[in-house]
Amino acid sequence: MSGPAGWLLDLYPTEKNEMTICVKGEGGDFYLLKEEYQPQVFVNGSPADLDRLSSKIGEDGRVESVEFEKRFVSPGDSERSRVLKIIFKSRENILDLSYQILDMGNYRDYSLYNVDVSPAQKFLHDREIFPLAKMKISDILNLDFDLTDSSSSVDYELPPFSILKMKVIPEKTGASSNFNAPIDRIVLSSGGEEELIEEGVEPDKILKLVERLKRRDPDIIMTDGGDSWDFPYLFERARANKVSDKLILGRESKPFEGADKEGFSYSSYGQTYYRSSPHLLRGRIHIDTQNSFIYDKCGLEGLVELARTTRTPLQETARSSIGSVMTNLQIFRAQEKDILIPWKKNEPEDFKTGEKLLEADKGGFIYEPELGFHENVGEVDFSSFYPTLMMKYNISPETISCDCCPNSDKRVPELDYRICEKQEGIIPQVLEPILEKRSVYKQLMDGESSEKDPVYESRQSALKWILVTCFGYLGYKNSKFGKIEAHEAVTAYAREKLRKASRIAEGKGFDIVHGIVDSLWVNKSDIDREKLEELCEEIEDRIGMQIGVEEEYSWIVFPPSTESPHLSVMNRYYGLPKGGDMVAKGIAAKRSDTPELVVEAQEKMLEKLARADDREEFLKMIPKSLKVIKRFGRKVREGSVDLEELVVSKKLSKDPDSYDGNVRTVLAADQLEEAGVELRAGQQVKYVVTDTDAKYPRNRVKPIQLAGEKVYDEDWYIDRLVKSAEELLNPFSYDRDRIKRIVEGVSQRRLD
């Protein structure tokens with residue numbers, strides 16, 4: 001029986017070992033299709049151990065069947081191994097039995113695989129389809145799909161999504177709002193039009209929401225904090241009003257059940273983050289813009305691009321970290337090659353001498369910036385530097401010091417690690433199509449301006465995030481296919497390339513004023529675009545790596561550390577591109593914890609300085625830029641600033657009760673918790689500094705949610721303004737004391 005043509009909107013497993021496939025038809029109809037699904041786990045061990053396990057596990061009531069298969073156990077294997085496949089009756093039993101198997105083998109005899117692969121991902125891999133694929137269901141009874149789409153396509157067609165934004169607002173707002181507060185109103189908006197559900201008693205409001213969703217039938221529900229507030233709050237209010245059995249928010253008739261797991265804190269690149277529990281819908285897509293890094297950076301088009309590329313359902317992709325996206329991409333490629341996915345990876349670091357450790361752990365190459373003001377500076381950058389190195393030199397965990405090439409001529413510079421000559425690594429296989437596809441998107445945008453340019457920009461930006469994180473993920477301890485030696489090999493090649501590039505630049509008469517990892521800032525008296533492009537061409541010819549002109553500056557300033565005028569700071573600068581707007585990195589205005597007042601003041605200072613074309617004009621603009629700080633300081637003294645402009649946003653690096661001492665962020669967090677707000681490591685705390693010298697610590701800050709009257713520490717905020725000005729002007733003999741006297745009214749003439 002022939003079925004509909006349309007797009008694979010979503011899929012998810014049910015409790016009955018079924019996979020539900022949601023299809024958005026070309027005509028706007030919606031289809032929920034079911035197919036039997038049985039989860040599988042693989043076990044590797046000695047032949048005798050596997051035979052014993054097979055006999056024992058086969059009698060377990062949680063197991064449907066066991067059988068032996070031949071699979072590649074790791075990416076570096078040249079031959080398949082005999083492994084035991086366990087087919088489960090229910091996915092709920094997988095973890096318990098998997099841990100029991102590890103225990104049976106004393107956590108030594110058995111290695112388990114594919115334990116934590118998402119059922120939806122496995123289904124997509126097996127059926128060779130992907131989210132948002134356009135297809136025709138040729139046989140609706142047997143669910144045979146005929147794809148009319150390709151995951152490698154750059155000009156694919158998406159369904160005409162119907163999108164509805166939702167916000168549930170309690171009667172009592174503020175920090176003390178909790179799930180016990182009744183619903184005041186529910187706001188639904190779409191296409192610029194807003195609908196309020198606010199009449200009647202609370203159960204009526206909930207049921208009206210259910211009716212509106214059924215009538216409007218959106219494909220996507222967008223929220224701003226839906227995982228942490230709107231959906232759990234709605235669920236609790238429905239339960240309190242005894243209508244939870246009627247709270248149907250998806251397209252299936254089953255009531256909404258809330259999240260199936262708790263939120264969690266995690267660390268990435270030295271930062272702590274908190275991810276709220278995912279609240280997923282059946283037959284609809286819920287995107288929480290607060291709980292989606294990818295949506296925040298790349299929008300819906302970028303989110304779709306990653307879902308298609310990694311073969312991961314859209315709702316799951318929306319809540320994935322970029323590290324998880326990289327993992328999903330590796331899992332897809334591994335399963336495509338019939339390679340098992342390790343569960344409890346135990347890849348120890350190779351033994352190294354102390355000298356070898358020092359060599360291997362150098363990281364990227366850096367030229368400390370030459371402090372101060374520089375005219376006629378060009379910035380040149382290697383394109384997708386680290387991922388290109390991985391692909392060019394076949395760097396992957398299984399290719400570094402492989403067993404099959406003991407005499408390999410391919411050696412990592414400085415470290416002398418061997419690289420496999422016989423097979424392409426899984427990491428280069430993963431990266432090559434990403435690099436190629438992103439390049440195509442960029443080429444499409446390089447032509448005449450098109451209405452699709454914003455779409456292509458979002459998609460290439462999403463792919464860029466994979467490339468940005470792929471290097472760090474090589475050395476991540478929990479990476480499915482990671483190894484620290486592969487991570488070290490990349491940095492060794494990168495150091496070699498940047499050193500060679502700098503020697504070439506110096507040979508052509510350029511001075512190096514700064515260099516970091518994949519970028520060089522070069523200076524020359526007669527510099528122009530043509531000379532920079534000639535430099536890039538020569539570097540590219542001699543090194544074999546694509547490099548291009550990122551920016552050409554009329555002038556650029558590298559300020560010192562605020563702690564010492566003699567210490568440089570990596571990647572902190574501001575400068576005026578030729579024919580462009582001011583560019584800045586690492587300064588206060590670019591840091592997320594800087595109060596809005598200080599951000600605005602520093603940006604206004606930069607606007608003044610940007611009027612200068614050279615050093616002489618720059619020096620003349622400094623007094624005018626300082627008038628900006630003086631004006632903002634006066635606003636602070638006069639009390640003509642809003643509290644929102646003074647908010648400091650800080651992230652908790654650990655749970656509030658784990659801190660010692662009177663840290664301002666923790667003092668604010670303690671007040672919020674007393675008001676009924678539960679906080680975890682990785683969550684933001686927003687507060688106003690009220691009195692830094694207060695004898696009673698809790699009076700030093702006030703969470704913005706609890707702030708009433710306009711009370712703040714004038715001296716502390718003026719000091720922040722002064723520091724932001726010093727950050728820009730320190731190279732020109734304007735230290736903190738001098739700037740503070742200007743802000744407080746001492747005349748410039750007397751200072752000079």
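Q: What share of the residues in the chain is buried?
A: A residue is called buried under 20% relative accessible area, exposed over 50% and partly exposed in between, with a 1.4 Å probe and protein chains only. In this chain, buried residues make up 52% of the 752 residues. This is a predicted model, where local features need pLDDT of at least 70 and side-chain atom pairs count only at pLDDT 80 or more, while totals for chains, interfaces and linings use all residues. Residues are numbered from 1 along each chain as its sequence is written, and side-chain values use heavy atoms, leaving out hydrogens and water.

Q: How does the radius of gyration agree with that of a compact globule?
A: The radius is taken over C-alpha atoms, and the globule rule is 2.2 Å times the number of residues to the power 0.38. With 752 residues, that rule gives a value near 27 Å, and the chain has 29 Å, which agrees. Along the principal axes, the C-alpha atoms fill a box of roughly 90 × 80 × 55 Å.

Q: How many helices and strands does the chain have?
A: Both are DSSP runs numbered from the N terminus: helices are H or I with at least four residues, strands are E with at least two. The chain has 20 helices and 26 strands.

Q: Why is helix 10 described as largely enclosed?
A: Six of the eight residues of helix 10 (residues 385-392) are buried, so the rest of the structure largely encloses this helix. Among the buried ones are Phe 385, Tyr 386 and Leu 389. Helix 10 is followed by Asn 394, which has a positive phi near 55°.

Q: Where is Tyr 107 found, and is Tyr 107 buried or exposed?
A: Tyr 107 is in the loop between helix 2 (94-104) and strand 7 (111-113). Its relative accessibility is 54%, so Tyr 107 counts as exposed. Phi of Tyr 107 is positive, near 55°, in a residue other than glycine.

Q: Which loop holds Asn 571?
A: Asn 571 lies between strand 21 (547-558) and strand 22 (573-577). Its phi is also a positive value, near 60°, and at 31% relative accessibility Asn 571 counts as partly exposed.

Q: How many disulfides does the count come to?
A: A disulfide is a covalent bond between the sulfur atoms of two cysteines. The rule used here asks for a pair of cysteine sulfur atoms within 2.5 Å, and the count comes to zero. As for individual cysteines, Cys 22 is buried at 0% relative accessible area, and Cys 536 is buried at 4%.
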